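Grab a pencil and work through these exercises one at a time. Try each task before you read its solution.

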Amino acid sequence: MLNNTSFLILNGRFEAANNPIPYTLQRQDEATINDYNLIAKQHFPKVKTCYVIPRPSRTLRSKSGPPTDHNPIILHLSLLAKSTTQSRVTANIPIAQEFLPRTQFHSSKLKDPAVREKFPHAPEDQADKAEQAVQTLKNSLHQGSINATQYAEKANAIIVPALQVTAQKIIGTTEFRGKNAQREHLTKRRQQDNGHFSADDKRIVAKQTLTQTLKDKLRQAREEGAPAHVIADLGKSHTKEKHDLLKLQHQMRQKIVTDAVASSASVPTHPKTSSHSMWDLLRRYKTDHVQSTLPAHTHDNASPDPRIWKLGPLTLDPQAWHRFRYALGHHLLRHKASPYNEEAAHCKN
Amino acid sequence: MRELLHKVEHPTLPVDPVFYEDITLHELAGEIKNLNSDKSPGDDGITNRMIQAAGPKFINLLHDVFSTLCVHEIQPAAWQISLMQPVYKGGDKSKADPASYRGIDLSSALAKLFEGILISRLTNFTETHSTLTENQLGTRSGRQIHDAIYCLLSIIQYSISQKGLAT
């Protein structure tokens, strides 16, 4: 477990070599005890202090609960709110090791058929070079000049840059933006597009406007240091309006689906139930439109060997529930193709 | 005791070819085709979409490397490194509490592709040889927890009706 990448800070349980403390499994239920802290090597310079809280006396221990040899450990780390070059220098951490943004290519550009077509042709030279290098590596592996681990590392170091270089050339990398920068970017893009982003439904547009107005008011009140009750009221109103907006949007989406299903099933097969219920429409779809794909035979563990499942016909004993597995995904209860012996099970309704 | 143990005949189980056969080009191409294009990349920035868009030459290259790695039962150390992206769970949870964040693990796309081939082989083996019990519903294709819930309800319904307790 311990290697050169980690440090283990013990709590002193193993410190007395000549007087080993017996390990006990008992401890207080509500006590939170750190046995040790395992920290990464790169964070080791951040450790300010580290000490063990002294063990309480035997009398105290007997009062507070069962005896234990665990001691809490206090570890103070000097963590900075914002990383600066100075902090890295003092902490002796290389820049590449910490806070360096990861490479992110503009992969969504590959959705464009023109770019997608261009992508495999661009790395021809890269693929050729990589192919030669991998072939050389393979020969070295067969000759025994490198071992399998070295082959794996080097092959990965060939393939990954080959793809990365191609991606850099064709699709480029994405910019890293903070939360505010991203918001500004989106606003700018919307302005550039000059498109109509409001919803088509007038009620939703009105709700969106109201929600945004309340949101702006709330932000303004916070900035101006308004009284707490004013901010609380505005916050409540904003939350309510936002909730109403989401509800309205959900209803609109649901209406689209129900309209589509209702129009496809124009002939009512279940006149007693309301045709406007979503569940009714779903049930009707499952009952009337689902095709049965049930197999005639299924596996059964009748053999004494639990690993062997014999193929046999379906039985109608509902307690052999695994046999109905095939039917269950199709929601075939009360369906004409259901293998479930509903009469035997006295299923009513 | 050792003598006794030596006398016990250990059964020699037949090894399925799936465990020693080379990775085929067809297998790799199928796995690449099935990759989810919209997954986030790992530390190297390579996405599934990039692998899918790379040409046949690159796929041949990958096939060569993957076959060798499979034969030697090894993988690069870089594939074992993953990024942990904390995603705030929202609600009233404290932003200072680490438990308020869901950790999203971002591994290398190449590593996931290689693992996908191995998983496909193992799944194929377990399904064709029925090595898993029928009661195993999790992590299996075409099965879901709803099956178990439905069965449980059916059994309860049946038992109640048999005892005349049905209303």
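**Exercise 1. Find which residues B:Gly45 touches, not counting those up to four places away in sequence, and decide whether B:Gly45 is buried or exposed.**

Step 1: B:Gly45 touches A:Arg102, A:Thr103, A:Gln104, A:Phe105 and A:Gln164. Here, two residues are in contact if their C-beta atoms, placed from the backbone, lie within 7 Å.

Step 2: Keep in mind that this is a predicted model, where local features need pLDDT of at least 70, side-chain atom pairs count only at pLDDT 80 or more, and totals for chains, interfaces and linings use all residues. Residues are numbered from 1 along each chain as its sequence is written, while chains are lettered from A and ligands numbered from 1 in the order in which they are written.

Step 3: Now count neighbours. B:Gly45 has 21 other C-beta atoms within 10 Å, so it is buried (buried means 20 or more other C-beta atoms within 10 Å of a residue's own, exposed means 12 or fewer, and partly exposed is in between).

Step 4: B:Gly45 sits in the loop between helix 2 (25-33) and helix 3 (48-53) of chain B. Helices (H or I, at least four residues) and strands (E, at least two) are DSSP runs, numbered from the N terminus.

Step 5: Look along the sequence. B:Ala109 is 64 residues away from B:Gly45 in sequence, yet their C-alpha atoms are 8.5 Å apart.

**Exercise 2. Work out how helix 5 (residues 148-170) of chain A and helix 4 (residues 56-72) of chain B cross.**

Step 1: Their axes come within 10 Å and cross at roughly 160°. Axes are lines fitted to C-alpha atoms, for helices over the stretch in contact, and angles run from 0 to 180 degrees between N-to-C directions.

Step 2: Helix 5 of chain A and helix 4 of chain B are therefore roughly antiparallel (under 35 degrees is roughly parallel, over 145 roughly antiparallel, 65 to 115 roughly perpendicular, and the rest oblique).

Step 3: Name the residues. Helix 5 of chain A brings A:Ala148, A:Tyr151, A:Ala152, A:Ala155 and A:Ile159, and helix 4 of chain B brings B:Leu61, B:Leu62, B:Val65, B:Thr68, B:Leu69 and B:His72.

Step 4: Sort them by class. This contact has nine nonpolar, two polar and no charged residues (Ala, Val, Leu, Ile, Met, Phe, Trp, Tyr, Cys and Pro count as nonpolar, Asp, Glu, Lys and Arg as charged, and the others, Gly among them, as polar).

**Exercise 3. Describe strand 1 (residues 83-88) of chain B.**

Step 1: Six bridges join strand 1 to strand 2 (residues 101-106) of chain B, and the two run antiparallel. (Strands pair if DSSP finds at least two bridges between them.)

Step 2: Across the pair, B:Leu83 stands opposite B:Leu106.

Step 3: Of the six residues of strand 1 of chain B, zero are buried, so the strand lies largely in the open.
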